[in-house]
Structure formats: C-alpha cells, structure tokens
Amino acid sequence: MYRDSRKGRIIYSLFLVVATALIVYFAGNFARGGNNETSKGLSTELTGGKCTIEVECKTVLDHRDMLDLDLRKLVPKGGIILKKTEVDLEKNDSAFTVLARVLKENDINYETSGTSDNIYVKGIGDFYEFSCGQQSGWLYSVNGVQPKISSAARQVKAGDEIVWHFTCEMGDFK
C-alpha cells in the first residue's frame, strides 16, 4: 500500500537500504570472527597463560643532569614506574597490547605514534623521548632480549617477561 505513493516508495527504499547495510555489517563481522577490535588483536578472550611486565627508568638515576629540570623531582623511587606485574594473556597479545592494557589498569598515561603493527611508544608516565637527552626514549625487551621489531608486532606467550626501559643514551638500560 505504501509502495503506491511517493512517500511510501521513499520509506520503502530507506528500509531496504538500512536492511542491506545491517546484513552487510553483520555478515562481515561474522566472517572476521567478531568485532573490529577482535580482528586487530584487542580481544578480551583469555588464553590461559600469563606473562609479566615491568616499566622502569633506572638509567635516569645515573643521568639526572641530562633530565629536563621539571622532571628531576618526578623520578620514581628506584626508577620503577610499574613494578613487575603478572598479567593474564589475551588472544593475539603483543608486547604493546599488554603494555597498553596494564598502563590503563594502573592509570598511567602513555603516548604513541604509528599504526597497526608499527607502533612507537613516545612516552610513559612523565618520561618521553628526548626528556633525558637527544638519544633518550623507550625500548622494550622480552626475556632479556631487545627485539628488532615494533612492540605491536612482537607476539607474547605464556612465561614471557616484558620489560619497558627508558634509556638516556640509546640502549643503556641496566
């Protein structure tokens, strides 16, 4: 009955467009196995494994003279920003997703640049690249080895020990 009037044809056409869009959206999500966050490795599905993570800036203790003046009073005791913490691993976790999740849970700010598997951590807490000289910034290690890939591309597994190091002189973490 609506299809016979101009107004009815417009309403019917809008209905078809919305219905088609919903079908395409849900079909795409089903094919990917869930929502967009899941397909990007941000799933909340636990894997049953655990890893540890620590965030430290110990090199600052020996380089206070290089540190920005306003940051000198903000150096945490012992250079530990986040003490070694055990973390439940989630599906597709990387060194970066574990860091981001734990920092958020502990209300510690951070800043990154880049996208996808090429994330660069510019700052954690009060310490940012160049805060302690031209070669200062954040590096990470997994099981004592500094990977040569972005932390977002470095998948982690049960038992891994992730440490984020603030370095004042490119790679001088303790």
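I began with terms: helices and strands are DSSP runs, a helix having at least four residues and a strand at least two, and they are numbered from the N terminus. The model I consulted is predicted.

Entry 1. I located D107 in the loop between helix 3 and strand 3 (110-115). I then looked up its backbone angle and found a positive phi of about 55°, although D107 is not a glycine. I noted for comparison that most residues other than glycine have a negative phi. D107 counts as exposed because its relative accessibility is 74%, and exposed means over 50%.

Entry 2. I turned to N92, which lies in the loop between strand 2 (80-90) and helix 3 (95-105). Phi of N92 is near 65°, again a positive value in a residue other than glycine. With a relative accessibility of 40%, N92 counts as partly exposed.

Entry 3. I asked how many of the 11 residues of helix 3 are buried. I found that nine of them are, and I recorded helix 3 as mostly covered. Among the buried residues are F96, V98, L99 and R101. I also checked what these buried residues pack against, and the list includes strand 1 (46-56), strand 2, strand 3 and strand 7 (161-167).

Entry 4. I examined T97, a residue of helix 3. T97 is buried because its relative accessible area is 13%, and the cut-off is under 20%. The side chain of T97 makes a polar contact with the side chain of D93, at 2.7 Å.

Conventions
Residues numbered from 1 in each chain as written. Predicted model: local features only at pLDDT ≥ 70, side-chain atom pairs only at ≥ 80, totals over all residues. Heavy atoms only, no water. Buried < 20%, exposed > 50% of the residue type's maximum accessible area, 1.4 Å probe, protein only. Polar contact = N/O pair within 3.5 Å; in protein donor to acceptor, adjacent residues only side chain to side chain. Contact = heavy atoms within 4.5 Å.
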